[in-house]
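Biologist: I am new to protein models, so please show me this one. Then let us talk it through.

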Amino acid sequence: MSGQKTWGGRFTGGTDRRVEAFTESITFDRRLYRHDIIASQAHARMLGEVGMLTPAEAEQIAAALDEIGADIDAGRMEFRISLEDIHTHIERALIAKLGDLGRKLHTGRSRNDQVVTDVKLWVRDAIDELDALLKDVQAAFVASAGREAGVVLPGYTHLQRAQPVLAAHYFLAYVEKFQRDRERLADCRKRVNILPLGAAALAGTSLPINRESVRRQLGFDTVARNSLDVSSDRDFALEFVFALSVVAAHLSGWAEEWVIWSTTEFNFLDLPDAFCTGSSIMPHKKNPDVLELTRGKAGKVIAGLQQLFLLVKGLPLAYNRDLQEDKTAIFDAFDTVAGCLGVAAPLVRETKLRRDVIAARLEDGFLDATTLMEGLIARGVPMRSAHEAVGNLVRECEGKRCRLADLPDAAFEAACPGRGAELRGTLGVANALAAFTSVGSTAPLEVERQVREWRERLV
Ligand code: ARG
């Protein structure tokens, strides 16, 4: 019925039901209700300040909005696609409670600036929640770094054994990634926290609104300068879902690594039973489903970013209804990443390295070859010659199926005449590891210092 529509005046007939079903957003934007209510309360109080409402009327509206919020909380709001979206539902409920006074709330605003204000308030809260979740995942990795201190892992490039790294160094690598994720979200938050409301439909309003008051009440940092920009601006949504895509990519890479590490072939990890599932037919199976789903779900988040880009790339100024579709990508990206982070933290905390298995094969794979080469360089052998000499020694070992440390002194003498015996001190994983010194390396003192620093930073 056109009478129920906020825009009914212009229309004679009702909206086709199929169009109502096609154009509605209430099925997904209802989760903005809290933010819609606080934004409307701030707007009403501002109208009270500037004389468009009396202060008492503004408080009446604010109180009625609280009741509507409580009704929605309690599941007492009946959502109908004929009322299109959450903004219309709440305004209709207000009018049902307050009559003509309720009909004044929308003074000096449009759903175009209202919806983006709601979404920004929602994203701001989402960022704060994500920051806490990311911090908890970081804390879990730092705890593992502390617990597995002293454990040495084979470090990989191309998934081939490369150089030894302390397990703590390995865990802290993820702490760094999630730190950048937090910084990206914090940076995104700066642009989220600019108030759109007051742009009205696209050009502003002739009514004496006070945007500064609304800004202050809602805790925005500044007021958006250009009304025409406001209703078309979804940069913050792109940035938000981009930041989430990076989180998802980090989680996915980690998950892939641990899927590999939990195979019989690697057997580096003892995944907690509570985070694995079994097979309906193979009684022995313990599958890393949580990790696999973390890897799999990243696709949705990244797809959401594509969706948003495709949504905005062809839009002329200012509001276009296409923009209604932004919310599903935003919500889904958040839900997915928050869900992944929520299980990642306890999974990391409860996963132990199989130290014996790792140690038993640690001397395999020439993890000390690069340190041996650096030992030659330190003794004056040109880098390229040292590289070649060690390459030759490795080839010799492969022929004999032995390790570098198993070669006779003579082999090292050939590479570094007169000082071959000294080079033994660079061989073996323990020596190789102890040799690291550079800032940011896996040098034990450096790693210990960083674990301490992270512990302090994450309290
Ligand atoms: N449901 C709409 C959305 O989510 C609200 C804004 C509608 N604005 C309009 N001019 N039709 O984008």
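Biologist: Which residues line the largest cavity?

Modeller: This is a predicted model, where local features need pLDDT of at least 70, side-chain atom pairs count only at pLDDT 80 or more, and totals for chains, interfaces and linings use all residues. Residues are numbered from 1 along each chain as its sequence is written, and side-chain values use heavy atoms, leaving out hydrogens and water. A cavity is a set of points on a 1 Å grid over the protein atoms alone where a 1.4 Å probe fits but cannot get out, and lining residues have an atom within 4 Å of a point. For the largest cavity, the lining is Gln4, Lys5, Thr6, Trp7, Ser82, Leu83, Glu84, Thr88 and Arg111.

Biologist: How much space lies in the largest cavity?

Modeller: Searching the whole structure for cavities of 30 Å³ or more gives 1. Its lining has 2 nonpolar, 4 polar and 3 charged residues (Asp, Glu, Lys and Arg are charged; Ala, Val, Leu, Ile, Met, Phe, Trp, Tyr, Cys and Pro nonpolar; the others, Gly among them, polar). Counting the space filled by probe spheres set on the grid points, which are joined across faces, edges and corners, the largest cavity holds about 40 Å³.

Biologist: Glu84 is on that cavity list. What is the phi of Glu84?

Modeller: Start with its place in the chain: Glu84 sits in the loop between helix H4 (55-73) and H5. Helices here are DSSP runs of H or I with at least four residues, strands are E runs of at least two, and both are numbered from the N terminus. Glu84 is not a glycine, yet its phi is positive, near 55 degrees.

Biologist: Why does the largest pocket lie between two domains, and which are they?

Modeller: Helix H5 (86-98) and helix H6 (111-147) each supply at least two residues of the lining, which divides into 4 nonpolar, 10 polar and 12 charged. Domain bounds come from an automatic or database domain assignment. The largest pocket lies between the two domains because both give residues to its lining: domain 1 (2-107) and domain 2 (112-360).

Biologist: Which lining residues lie nearest the centre of the second largest pocket?

Modeller: This pocket has a volume of about 310 Å³. Its lining has 4 nonpolar, 6 polar and 4 charged residues. Out of 14 lining residues, those nearest the centre are Ser262, Thr263, Thr264, Lys286 and Pro288.

Biologist: How far is a polar side-chain atom of Tyr319 from an oxygen atom of the ligand?

Modeller: Residues around the ligand (with a heavy atom within 4 Å) include Ser25, Asp85, Arg111 and Tyr319. A polar contact pairs N or O atoms within 3.5 Å; a side-chain N or O atom of Ser25 is 3.2 Å from a ligand nitrogen, and Asp85 has a polar side-chain atom 2.8 Å from a nitrogen of the ligand. For Tyr319 and the ligand oxygen, the distance is 2.5 Å.

Note on methods
1 Å grid on protein atoms, 1.4 Å probe; cavity = no way out; pocket = protein on both sides within 12 Å on 5 of 7 lines; lining within 4 Å. Polar contact = N/O pair within 3.5 Å; in protein donor to acceptor, adjacent residues only side chain to side chain.
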